[in-house]
Amino acid sequence: MNAVGTSLTSLLGEARRAARAYPTLLRVGLSEVVAYRAEFVVWILTTNMPFVMLAIWHAVASDGPVGRFGQKDFIAYYLGGWVIRLLTSTWLVWELSMEIRAGTLSARLLRPLHPLFAFSAQHLAALPMRLLIVTPVVAALVWLAGDRLAIRDPRILLIFLGAMVGAWLLIFFVMVLLGSLSFFLESAVGVFEVWLALFAVMSGYLVPLELLPAWVGRIARLSPFDSMLAFPLETLIGLRSLGTALRDLLTQWAYVAVLAAAGLSVWRRGVRRYVAFGG
Amino acid sequence: MRMSAVTAMQYRADFLLKGIISLVWLGVALIPLVSVFHQRSSVRGWTFPEALVVVGWFSLMKGILEGAISPSLTSVVEHVRKGTLDFLLLKPADAQFLVSTAKFEPWRVMDMLGAVAVFGYAFHTLGHAPRPAAVAVALALLAVAISVLYALWILVVSASFWVVKVDNLSYLFGSLFDAGRWPIAVFRGALWFLFTFVFPLALMTSYPAMALLDRLPATTAWVALAGGLGFAGVARLVWRRALAFYTSASS
């Protein structure tokens with residue numbers, strides 16, 4: 001009983017410390033992004049795939065709509081998808097596996113703050129810069145296909161915001177899980193590449209889920225990949241009704257809970273092992 | 001070359017895993033194509049098996065790029081950063097030749113096997129084999145395509161003499177290259193211009209495929225040939241300039 005009480009107090013203390021440090025960490029993260037702005041821009045340019053896919057579907061739909069998708073729907077879909085992807089993606093896997101292999105993670109572990117807190121601050125801090133980058137594309141989206149946006153309904157808007165937070169958390173914890181594999185495997189980055197390929201297909205990043213071959217689409221809708229991109233995106237442009245969206249929001253947050261638990265447990269086990277042979 | 005094979009074979013599990021990853025990627029590359037042609041029997045004059053021929057060339061070029069061209073040139077960037085390029089420059093052979101043959105990644109053979117399988121399936125569906133003359137033109141274009149690809153890479157690497165952090169650029173290169181799995185005819189306007197003249201993907205995947213399918217106009221083939229050689233020449237020039245700019249580790 002007493003032990004539980006002590007650990008609860010220490011947990012609360014840690015949370016309070018984290019909350020106090022967070023603003024500073026955000027500031028540090030922001031200046032990091034500003035310092036590496038050239039790399040940032042190159043990274044943005046590497047995410048050109050949705051635009052290529054948009055060109056292709058636009059050509060396909062020139063002689064009539066494809067399923068539920070006309071040319072305008074494709075514009076809304078791919079521009080929206082790019083914006084959501086940019087706002088929710090993190091490159092934590094690279095950092096984690098590099099720090100683990102180079103041993104620089106030790107320094108982070110020594111600090112009186114959970115390393116994952118610090119990482120999350122670093123990635124949240126990149127958001128203002130990313131918002132700046134996506135603004136012109138959002139403007140183009142509103143101008144070219146504004147009537148496709150379903151978030152003028154405040155209820156849909158609320159679900160969309162919840163879905164964005166959920167997607168960010170989900171992707172963050174998947175990255176923690178995959179990055180922590182570096183504690184055990186040499187080629188965790190290889191695993192990550194496989195994951196990336198699956199993500200591209202199953203999340204609707206390359207092709208809208210309903211236009212995939214039927215069996216792939218069915219698997220994709222059940223998988224967590226749906227929650228990472230397709231769900232917020234299709235809610236945004238009104239492809240999911242209010243009822244469906246609410247149900248999918250619950251599914252998404254259930255996935256967040258599961259992956260958070262899985263990611264943190266692998267992380268904890270990895271850190272124990274790391275300390276054991278790092279000395 | 002043999003050294004690379006031996007090094008790779010030491011890690012047999014890794015070799016197998018990477019080969020499998022190559023094949024998975026090929027499968028993933030096919031899914032958007034299958035989705036598109038599930039909706040329409042032809043897109044801008046290309047049917048599914050014809051587009052598959054383009055995918056075959058894409059896979060082949062990707063195998064060449066990632067198996068033979070990019071590992072060697074990535075090591076140049078490393079040399080430039082550490083200043084060890086001096087050792088290479090001191091050797092009595094041409095530096096460009098030395099740096100581009102430094103390293104091979106044999107498991108990329110899987111990509112090429114995949115490409116052959118895709119070709120086989122495509123021509124089986126089309127119901128006829130390519131004419132020998134068409135194959136000859138396609139092979140000539142393959143040589144041009146490889147030299148253009150190589151030239152582009154040399155340009156990227158030359159950039160590393162000025163801006164050292166180039167691994168980002170190589171990702172950009174890879175992501176642009178991915179668009180090469182589509183026939184050039186689906187692109188219009190700015191993208192068409194970009195992929196035909198600036199970053200000539202058309203030359204690398206669509207034109208050889210069209211040659212194989214017997215639908216490439218002869219003039220286009222000649223222009224492609226000349227353009228490809230010109231590109232390689234420019235790259236050589238830039239490389240020389242870049243080397244002149246390189247001031248070794250000590251200075």
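**Notebook: chains A and B**

I began with the interface, where 29 residues of chain B are in contact with 27 residues of chain A; contact means that C-beta atoms, placed from the backbone, lie within 7 Å. On the side of chain B that touches chain A, α2 (12-39) and α8 (167-177) of chain B each supply at least two residues. The most comes from α2(B), with 13 residues. I sorted the residues of that side of chain B and got 19 nonpolar, 5 polar and 5 charged. Here Ala, Val, Leu, Ile, Met, Phe, Trp, Tyr, Cys and Pro count as nonpolar, Asp, Glu, Lys and Arg as charged, and the others, Gly among them, as polar.

I note that this is a predicted model, in which local features need pLDDT of at least 70 and side-chain atom pairs count only at pLDDT 80 or more, while totals for chains, interfaces and linings use all residues. Residues are numbered from 1 along each chain as its sequence is written, and chains are lettered from A and ligands numbered from 1 in the order in which they are written.

**Chain B**

I found 11 helices and 2 strands in chain B; these are DSSP runs, H or I of at least four residues for helices and E of at least two for strands, numbered from the N terminus. Along the sequence the pattern reads α-α-β-β-α-α-α-α-α-α-α-α-α. Of the 251 residues of chain B, 37% are buried, that is, have 20 or more other C-beta atoms within 10 Å of their own.

I then looked up Leu65(B), which lies in helix α3 (residues 48-82) of chain B. Leu65(B) counts as buried because it has 22 C-beta neighbours inside 10 Å. Beyond its neighbours within four places in sequence, Leu65(B) is in contact with Ser70(B), Leu149(B) and Phe177(B).

**Helix pair in chain A**

I checked helix α3 (residues 49-60) against helix α4 (residues 71-88) of chain A: they pack at about 175°, with axes 9 Å apart. Axes are lines fitted to C-alpha atoms over the stretch in contact, and angles run from 0 to 180 degrees between N-to-C directions. The angle makes α3(A) roughly antiparallel to α4(A), the term for angles over 145 degrees. Residues of this contact include Trp57(A) of α3(A) and Trp82(A) of α4(A).

How values were computed:
Two residues are in contact if their C-beta atoms, placed from the backbone, lie within 7 Å. A residue is buried if 20 or more other C-beta atoms lie within 10 Å of its own, exposed if 12 or fewer, and partly exposed in between; C-beta atoms are placed from the backbone. Angles under 35 degrees count as roughly parallel, over 145 as roughly antiparallel, 65 to 115 as roughly perpendicular and the rest as oblique.
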